[in-house]
Amino acid sequence: LCHASIKQLSDGQFKKVSLIRQLLKRPSVLLLDEPTAYLDLENKSFLGDFIQENKNKFLIILSTHDLDFAKKYGEHYYVLKNKCIQQISIDDLRTV
């Protein structure tokens with residue numbers, strides 16, 4: 001991975017490199033858009049562990065359609081409905 005051309009990376013490897021590049025900037029907020037798309041189970045687990053380990057170091061906001069991932073690793077849930085952002089409970093997450 002260290003010596004691979006960017007064109008040789010899988011989608012999952014590219015996402016890891018992109019995440020590392022952002023972390024090198026030492027952000028106070030990390031915005032992840034569909035971070036589990038194209039990831040296999042091992043890399044989803046890696047991402048979930050990363051979120052758990054870093055949730056107190058900076059704010060992590062992610063948008064996802066992966067409701068199982070959101071339920072497992074999320075703390076607060078919001079939906080965009082009728083052009084408004086609404087907070088919902090974890091129990092309401094399945095009915096969205």
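Reader: What makes β3 and β4 a hairpin, and which residue in the turn has a positive phi?

Author: In this predicted model, β3 and β4 form a hairpin with 2 residues between them, and Asn 82 in the turn has a positive phi of about 55°. Strands here are DSSP runs of E of at least two residues, and helices are runs of H or I of at least four, numbered from the N terminus.

Reader: How do you know that strand β3 and strand β4 pair?

Author: Two strands pair if DSSP finds at least two bridges between them; 5 bridges join β3 (residues 77–81) to β4 (residues 84–88), so the pair meets that condition, and the strands run antiparallel. Leu 80 stands opposite Ile 85 in β4.

Reader: Why is α1 called roughly parallel to α2?

Author: Helix α1 (residues 11–23) and helix α2 (residues 41–54) pack at an angle of about 15°, with their axes 12 Å apart. Axes are lines fitted to C-alpha atoms, for helices over the stretch in contact, and angles run from 0 to 180 degrees between N-to-C directions. Angles under 35 degrees count as roughly parallel, and therefore α1 is roughly parallel to α2.

Reader: Which residues make the contact between α1 and α2?

Author: Lys 16, Leu 19 and Leu 23 of α1 meet Asn 43, Phe 46, Leu 47 and Phe 50 of α2, where contact means heavy atoms within 4.5 Å.

Reader: What makes Lys 44 and Asp 66 a salt bridge?

Author: The term requires a side-chain nitrogen of Lys or Arg within 4 Å of a carboxyl oxygen of Asp or Glu; the closest N and O atoms of Lys 44 and Asp 66 are 3.0 Å apart, so the pair qualifies. The pair links distant parts of the chain, with Lys 44 in helix α2 and Asp 66 in the loop between β2 (59–63) and α3 (67–73), 22 residues apart.

Reader: How are the residues numbered, and which atoms and pLDDT values count?

Author: Residues are numbered from 1 along each chain as its sequence is written, and side-chain values use heavy atoms, with hydrogens and water left out. Local features need pLDDT of at least 70 and side-chain atom pairs count only at pLDDT 80 or more, while totals for chains, interfaces and linings use all residues.

Note on methods:
Parallel < 35°, antiparallel > 145°, perpendicular 65-115°, else oblique.
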